[in-house]
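Open your viewer and keep the selection tool at hand.

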Amino acid sequence: MSLNTRAAYSDSATPVWLAQQVPDAYVSLLKKWGSASDISAGRPNISLSDLLNIMAAVLENESDYLAGELGWQLQPTAYGDLGQAMMCASSLRHCLELLQDFGPLVSLGVSSFDVTQTDEICTIHHMVTPWVSSNLQNLWNASCLFSWRRSFHFLLGGEFESRISLNHAAPLSYDAAQLFERFGQVDFDQAECSLSFSTTYLDLPLVLQNSTVLAQALTRCRERQLLSYQYEHRTTVAKVKGLLKCSVDGYPRLEELADMLHISARSLRRHLAAEGFTYSVLLEQARIRDAADLLVLQHIPIQQVAESLGYSDSSNFARDFRQWVGSSPSEYRRLAKGKNLVPVGESIT
């Protein structure tokens, strides 16, 4: 079984990581907590940026273990067309392959995963982008793993023993007995976040398998995937913009981008020049885009924004940001909060 993968950020020409619309199911799950007033009744869909801000506000005011509640309520139906395809798959192995193929449709660019397998154990390793604050990383990691565990348990007809590992401390207030009853073994303070289970489950038939409905759901998944990843027909500049994402190692160097595009660095420079751009110009645009997008997230300290973009000194970041957009990071953040400002990166072409 070839299941090693990492769900990547959206590969569109314009940065949609934070501006993309969040499915109704994600929003409706938060309405029962204290932030319901932050969700406009006239907007059934909100942006990912809005959702992350709402989740941060909920975490500050909610005493219950939010990750456990979200994970319990995020059933397969919450994942839209992919969830329907997973429900109608023939086996858990098939289900994981669908998650591999179409996972980016529901990960929203926030999380990534890979799957490893030995003779006896299959493990899904789950990670969240470092751009998200640590509290939200913990929430997203745990709720996703809880959701997958509940989904697999349901799809296999209630026969599914597993172990969930989480890399953060146990919450101060949670019902350990209820957590075990819902999700089985859950271990905190582990080296990684993962869901492990016996490989004997992989080829067991799923109780809701339906080849007709599966085919219909897969058609819709492929249509959404095509709209999101029309990569091969884009210009070189658009492709580079899609790949210039900041990670813990910083932005990709030109040589690394060339490797990703399977061309030489010299050819990449030539293609960019033919379209009127250079790597340094696109890199600066990426920094402007990402700085603006991150500053929209009110809960992330400006120092952390600067560090995420590779600055060791926040004053250098503030100086560059003022040169880019004509205002300081704090001024931009106030405008974004008060006027629902569109991130600067959205207007760069």
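**Stop 1: a hairpin.** Select β1 and β2. A hairpin of three residues links β1 to β2. Helices (H or I, at least four residues) and strands (E, at least two) are DSSP runs, numbered from the N terminus. Strand β1 covers residues 111-117, and seven bridges tie it to β2 in an antiparallel arrangement. Two strands pair if DSSP finds at least two bridges between them.

**Before you go on.** This is a predicted model: local features need pLDDT of at least 70, side-chain atom pairs count only at pLDDT 80 or more, and totals for chains, interfaces and linings use all residues. Residues are numbered from 1 along each chain as its sequence is written, and side-chain values use heavy atoms, with hydrogens and water left out.

**Stop 2: across the bridges.** Pick Gln117. Which residue is its bridge partner in β2? The partner is Cys122. Now pick Asp114: His125 in β2 stands opposite. Go back to Cys122 and look towards β5, where Phe197 stands opposite. Strand β5 is residues 193-198, and six bridges pair it with β2, again antiparallel.

Strand β2 spans residues 121-128, and six of its eight residues are buried. Buried means under 20% relative accessible area, exposed over 50%, partly exposed in between (1.4 Å probe, protein chains only).

**Stop 3: the whole sheet.** Select five strands. They make an open sheet in the order β1-β2-β5-β3-β4, with mixed pairing. On average, neighbouring strands are turned by 15 degrees against each other, direction ignored. Axes are lines fitted to C-alpha atoms, for helices over the stretch in contact, and angles run from 0 to 180 degrees between N-to-C directions.

Stop 4: Contact means heavy atoms within 4.5 Å.

**Stop 5: the core.** Show the side chains of Phe146, Phe152, Leu166, Phe197 and Phe317. In the largest nonpolar core, which has 98 residues, these five touch the most other members. A nonpolar core is a set of buried Ala, Val, Leu, Ile, Met, Phe, Trp, Tyr and Cys residues joined through side-chain atoms within 4.5 Å. Helix α7 gives the largest share of this core, 10 residues. Zoom in on Leu166: residues it touches include Tyr65, Phe146, Val186 and Cys193.

**Stop 6: a covered helix.** Select α10 (residues 236-243). Eight of its eight residues are buried. Among them are Lys239 and Lys241. The buried residues of α10 pack against α11 (254-260), α12 (265-274) and α13 (279-296).

**Stop 7: Ser308.** Find Ser308 in α14 (residues 302-308). Is Ser308 buried or exposed? Ser308 is buried, at 14% relative accessible area. Its side chain reaches the backbone oxygen of Gln304 at 2.8 Å. Beyond neighbours within four places in sequence, Ser308 contacts Trp131, Cys246 and Leu294.

**Last stop: confidence.** Colour by pLDDT, the predictor's confidence in each residue, from 0 to 100. The chain averages 79, and 80% of the residues score at least 70. Residues 1-16 fall below 50. Residues 341-349 stay under 50 too.

Technical notes:
A polar contact is a pair of N or O atoms within 3.5 Å; within protein, one must be able to donate a hydrogen and the other to accept it, and residues adjacent in sequence count only if both atoms are side-chain atoms.
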